[in-house]
Amino acid sequence: MDLLNTLVDKGLRRELPTREEALAVLATSDDELLDVVAAAGKVRRQWFGRRVKLNYLVNLKSGLCPEDCSYCSQRLGSKADILKYTWLKPDEASKAAAAGVAGGAKRVCLVASGRGPTDRDIARVSETIETIKEQNEGIEVCACLGLLSDGQAERLRAAGADAYNHNLNTSEGTYGDITTTHTYQDRVDTVTKAHDAGLSACSGLIAGMGESDEDLVDVVFSLRELDPDSVPVNFLIPFEGTPLGKEWNLTPQRCLRILAMTRFVCPDVEVRLAGGREVHLRTMQPLALHLVNSIFLGDYLTSEGQAGQADLDMIADAGFEVEGAGTTTLPRHRADALAGAGCGTSSAGCGSHEDSGCGSHEGGGCGPCGGHGAPEVPEQMPADQARTDLVAVRRRGAGTDLAPNA
């Protein structure tokens, strides 16, 4: 296909595709899917070889969020039967992080529900970061605490944080359909504050909320302009008890097209396969490794993932290798730029704070998108065909007495 040849050439040169080219990737047929994966895989290998970075989530504070993000199991008014607990102590968080490190994780992502941290919360998380760094030599730490106030990103950086995650989640045009308690611009401002403080910026999206192809291209192009080091791609986990609990709009094939489009638009960025991969990609997860260069190990915030050892086996069986602690994740031109900004972390981005409709502390990009002028959206799966058996609420790890999955 001329389209794919053009996109590969542009990706190898770090050149931005046109919107029409990005939309064309999402419009390809199932017969063309392997060609799309192979083409995007060339771009992925150019910048990241066959390495896969492992990240591990620690949910510092779960549930009872005052924000109304429609996808989130921790949202205001959520009836999802999730774990609810207040702040983990620093040693409890460090113990949870150690399980991920032992499983091969290179980065630990510390997440807390809520609109945004108070100064007292920043002090608490700073102590947690310092404890984790002291007890786990060489580990990278990313914080994901919601909307930041002035000076908070600098305090996290001083405590040793390497990165900060705050996702855009969906297009600016549909954001108000998903969340009313904060704005799209609030999210952009927080990512900018993190970047300006010398933290590695991490920002991504959630797919599967009924959005149109145009919405997906809009948010990925906005992310390219924002220029985070890491772009996590979440797929909505439709939790019962949330407004999007019946949104089953994704197929494995569509998920792969979304990941390929993201790779073509953000060729040299750490693209992370985040929440919802087990639910929507299922047995086709190994194909996604040809598109992304980063995944989460084990469980998410409020939902369970597949067994950590199964993740490692999948990576090995697909012919990829786990990225070691001594390897720089980002291509040299991005790593040098990050070091020049005073960040000091050797790799990109962080984990999404969301389980893609899973357990974010507030920031989503879900919601009943699509009220903005009759976009074409995938037909919603009838309720009796929804794979609710695939959504497993987390009952182990942080906040429980049971061993974590890592």
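Student: In which strand does Asn59 lie?

Tutor: Asn59 lies in strand β1, residues 51-61, where strands are DSSP runs of E with at least two residues, and helices are runs of H or I with at least four, both numbered from the N terminus. This is a predicted model, in which local features need pLDDT of at least 70 and side-chain atom pairs count only at pLDDT 80 or more, while totals for chains, interfaces and linings use all residues. Residues are numbered from 1 along each chain as its sequence is written, and side-chain values use heavy atoms, leaving out hydrogens and water.

Student: Is Asn59 buried or exposed?

Tutor: Buried means under 20% relative accessible area, exposed over 50%, and partly exposed in between, with a 1.4 Å probe and protein chains only; Asn59, at 2% relative accessibility, therefore counts as buried.

Student: Which residues does Asn59 touch, not counting residues up to four places away in sequence?

Tutor: Contact means heavy atoms within 4.5 Å, and the residues that Asn59 touches include Gln74, Tyr85, Arg394 and Ala398. Asn59 and Ala398 are 339 residues apart in sequence, yet 6.5 Å apart in space, C-alpha to C-alpha.

Student: Which residues touch the most other members of the largest nonpolar core?

Tutor: A nonpolar core is a set of buried Ala, Val, Leu, Ile, Met, Phe, Trp, Tyr and Cys residues joined through side-chain atoms within 4.5 Å. In the largest one, with 87 residues, they are Leu156, Phe235 and Phe264. A second, separate core of 10 residues includes Cys109, Cys142, Phe296 and Leu301, and Leu301 is also among the residues touched by Asn59.
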